[in-house]
Amino acid sequence: MHATVDSALDPRTDALAGEWLTLGETAERLGIRPNRIKQLIHEHRILAVRRGGEPMVPAAFIKDGQVIKGLPGTLTLLSDAGFDDAETIRWLFTADDTLPGTPVDALTENRGTEVRRRAQALAF
């Protein structure tokens with residue numbers, strides 16, 4: 001399980017996520033200490049990837065001062081399916097006509113069961 005990716009995301013994947021937050025900005029939005037963010041990343045409750053040498057978190061992972069519901073479980077399922085962090089970002093932010101929308105949109109809209117069902121299917 002990766003805490004952060006050391007290589008840069010490809011430009012297409014990087015663009016999919018839209019807005020990115022530094023660890024400090026992420027901590028601020030969650031109302032927690034910055035060192036707690038590293039613990040959340042280590043526990044795979046949130047995902048950060050290196051952009052320009054700095055670990056950053058997609059802003060879409062946070063809504064109303066909290067990590068979006070269902071994200072930690074989805075990250076675990078994708079990791080168990082062999083996805084690396086870049087592949088996880090790509091999957092979460094790529095439109096899926098069967099949802100509809102992106103998996104991260106579905107999580108934000110509290111449709112996590114549908115997202116986790118698709119993530120579980122990837123493991124088989």
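This is a predicted model: local features need pLDDT of at least 70, side-chain atom pairs count only at pLDDT 80 or more; totals for chains, interfaces and linings use all residues.
## Buried face of H2

Helix H2 spans residues 23-30. Four of its residues are buried: Leu23, Thr26, Ala27 and Leu30. They sit on the same side of H2, because their arc around the axis is only 100 degrees. The general rule is simple: an α-helix has 3.6 residues a turn, so residues three or four places apart point the same way.

## What the buried face meets

The buried residues of H2 pack against several elements. One of these is helix H3 (34-42). The others are strands S1 (20-22), S3 (54-58), S4 (62-63) and S5 (66-67). Glycine 31 follows H2. The phi of this glycine is positive, near 70 degrees.

## H2 against H3

Two numbers describe a packed helix pair: the angle between the axes and the distance between them. For H2 and H3 the angle is about 100 degrees, and the axes lie 8 Å apart. An angle of 65 to 115 degrees counts as roughly perpendicular, so H2 and H3 fall in that class.

On the H2 side, the contact uses Leu23, Thr26, Ala27 and Leu30. H3 contributes Pro34, Ile37, Lys38, Leu40 and Ile41. By class, the contact residues are 7 nonpolar, 1 polar and 1 charged.

## Annotated span

An unreviewed UniProt entry annotates residues 68-123 as "domain: Rv2175c C-terminal". In the model, this span is 62% helix and 0% strand. Its end C-alpha atoms are 23 Å apart.

Definitions and conventions: Residues are numbered from 1 along each chain as its sequence is written. Side-chain values use heavy atoms; hydrogens and water are left out. Buried means under 20% relative accessible area, exposed over 50%, partly exposed in between (1.4 Å probe, protein chains only). Helices (H or I, at least four residues) and strands (E, at least two) are DSSP runs, numbered from the N terminus. The arc is that of the directions from the helix axis to the C-beta atoms. Contact means heavy atoms within 4.5 Å. Axes are lines fitted to C-alpha atoms, for helices over the stretch in contact, and angles run from 0 to 180 degrees between N-to-C directions. Angles under 35 degrees count as roughly parallel, over 145 as roughly antiparallel, 65 to 115 as roughly perpendicular and the rest as oblique. Ala, Val, Leu, Ile, Met, Phe, Trp, Tyr, Cys and Pro count as nonpolar, Asp, Glu, Lys and Arg as charged, and the others, Gly among them, as polar. UniProt positions are given in the numbering used here, feature names are shortened, and annotations may be inferred rather than shown by experiment.
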